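Open the structure in your viewer and keep the selection tool ready. The tour goes from one stop to the next.

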Amino acid sequence: MRLLKKNYKTNSDEELMLLFIKGDRKAFEYIYIRYGDYILNYFNRKLWYDREKAEDFTQELFGKIIDRPEMFDINKKFKTWLFTIANNMCKNEYKKIEIRKNTRNELPEGYQAEAKQQLQDEIVDENNFSRQLTIELDKFNDKHKEVFKLRHFEDLSIREISDVLEIKEGTVKSRLHFITKELAVKLKTYRKLIIE
Amino acid sequence: MKAEQIILTKKYFELSNSERESIKSLVTNEIEFDDLKLFLLQTKKHVKANKLTTTDNLDKLIFQKLNSVTLQPKQYWYNTLILFLFPRDTQFFKYPVFQLAIATIFLFGVFNIFNFTNDITESSSKVAMNKPDKNLTTKQKALKYEDQNVVLKPADETQIQNPHKQNKESESILKFESDFKNPEVVNTAPIYDLLEMDNVTDDKLLDEDNEDIEKIESELIEITNEISTNSESKVFLEGDKIEKLEIKKSNSRKDSRSKPKNKIVNQKHNNFVLESEDTNLEEIAIKTVKFSVKEMAELNKLFYVINN
């Protein structure tokens with residue numbers, strides 16, 4: 001029996017988690033509505049744009065939260081805590097793939113080989129900015145790539161990125177500035193088409 | 001990201017010096033500025049275009065998982081309150097709700113049944129208000145009830161111990177009340193002023209007065225002759241002053257003892273003064289002075305009293 005009707009939309013992520021820990025299922029529904037798409041897209045990018053794999057990882061991630069909600073630290077921000085779990089899941093997946101790579105001589109499903117030489121038609125593909133961005137992005141090391149993706153694809157702030165990756169904010173800034181500058185130069189060929 | 005916001009929202013020539021300093025790590029000239037601006041805009045477009053949304057199947061699976069798990073029961077604040085008031089495995093009289101009820105009933109009874117606090121003060125004030133004004137004089141009573149239309153009624157018969165006294169008091173109170181409400185206009189001035197008489201010009205009135213004066217004078221002469229035979233001194237009465245000559249006491253002291261003592265009269269405003277000691281008034285002589293008709297009448301009365 002409820003005496004007062006709660007308005008979950010106005011509650012913060014942390015408040016919703018606290019309510020869910022106390023037994024309120026409705027609070028978790030609102031958490032899923034807010035971060036379901038975010039996590040799916042994150043896994044999609046991290047796992048070589050494999051949608052099925054991304055959906056599986058999304059289901060697994062939220063399932064872990066449902067099973068053990070008390071694992072959430074009230075003192076931390078929920079968003080960074082969620083992306084940390086997702087990042088760790090991806091790292092684990094990369095490790096598995098490395099092991100498989102060493103044991104097997106075949107690439108796992110969804111794994112895209114790094115192109116050593118770009119085809120000419122791909123370079124001059126003026127409409128394929130997205131693909132070019134992905135290719136150029138993959139040329140960078142994981143540290144810079146991760147920072148760029150978290151900033152521009154997941155729309156996290158410098159502070160949130162530093163919490164997720166557990167590095168200093170200055171380091172995040174320097175890596176981000178470097179990769180952004182480099183990509184802007186490399187994708188200069190698409191400038192005429194980009195102009196709106 | 002202030003630098004990115006500046007690059008996305010402004011043009012290069014619009015930048016201030018401080019803003020150019022803040023984006024110095026990213027761009028150094030206008031060409032780099034434009035390149036970076038376009039790259040950021042295209043990246044946003046790319047992200048928006050490739051954004052995925054959760055499918056219905058995925059949602060269904062997650063909500064199934066959510067409903068299947070037995071969560072910690074929801075805690076309502078009134079549940080804890082009920083548990084506190086009605087604890088389990090305890091006797092009825094040890095329930096906090098029972099004890100609280102007993103305490104409230106007791107307090108209610110203390111303040112209402114036994115008439116504490118307000119009733120005491122109210123009753124004391126009533127006693128003070130109803131206290132009879134026995135020790136007050138009429139003047140004090142008048143001052144007390146000046147603003148009120150209080151009818152000073154006589155006391156109840158049950159309270160009367162000396163009815164005669166009480167009646168006199170009640171009559172006096174009623175008289176005082178009537179006098180207080182409708183005071184008589186006391187005219188201290190003489191009814192007939194000598195000055196007025198001096199200014200009278202009506203001959204008729206003067207003639208009438210003269211006739212009366214003659215009669216009174218004749219009577220006075222008779223009286224004074226009788227008095228003067230027994231004394232050698234005379235007393236002059238003129239205005240407010242008294243010129244008193246020697247008065248000799250009469251030889252007949254016995255007569256004086258039998259006769260009552262005279263009243264001392266002092267009426268300055270009537271322009272005559274009579275003063276007497278413990279002597280016979282027969283020894284007092286009056287010189288004839290101009291008196292008004294009424295004054296003469298009063299003198300006549302006085303002499304009548306003296307003689308009797």
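Does A:Asp13 count as buried or exposed? A:Asp13 counts as buried because its relative accessibility is 15%, and the cut-off for buried is under 20%. Keep in mind that this is a predicted model.

Now select helix H1 of chain A, residues 13-21. Its buried residues are A:Asp13, A:Glu14, A:Leu16, A:Met17, A:Leu19 and A:Phe20. An α-helix has 3.6 residues a turn, so residues three or four places apart point the same way. Just after this helix, select A:Gly23, which takes a positive phi of about 115°.

The bridge links distant parts of the chain, as A:Asp13 is in helix H1 and A:Arg34 is in helix H2 (residues 25-46), 21 residues apart. A:Arg34 counts as partly exposed, at 28% relative accessibility.

Next, select A:Glu93 and A:Lys53. Their side chains meet in a salt bridge of 3.5 Å, N to O. This pair also links distant parts of chain A: A:Glu93 lies in helix H4 (residues 78-103) and A:Lys53 in helix H3 (residues 51-67), 40 residues apart. A:Glu93 is buried, with a relative accessible area of 6%.

Move to chain B and select B:Lys10 and B:Glu19. This pair forms a salt bridge, its closest N and O atoms being 2.7 Å apart. B:Lys10 counts as partly exposed at 26% relative accessibility, whereas B:Glu19 counts as buried at 16%.

How many salt bridges does the structure hold over all chains? The total is 17.

Methods:
Residues numbered from 1 in each chain as written. Chains lettered and ligands numbered in written order. Predicted model: local features only at pLDDT ≥ 70, side-chain atom pairs only at ≥ 80, totals over all residues. Heavy atoms only, no water. Buried < 20%, exposed > 50% of the residue type's maximum accessible area, 1.4 Å probe, protein only. Helix = DSSP H or I, 4+ residues; strand = E, 2+ residues; numbered from the N terminus. Salt bridge = Lys/Arg side-chain N within 4 Å of Asp/Glu carboxyl O.
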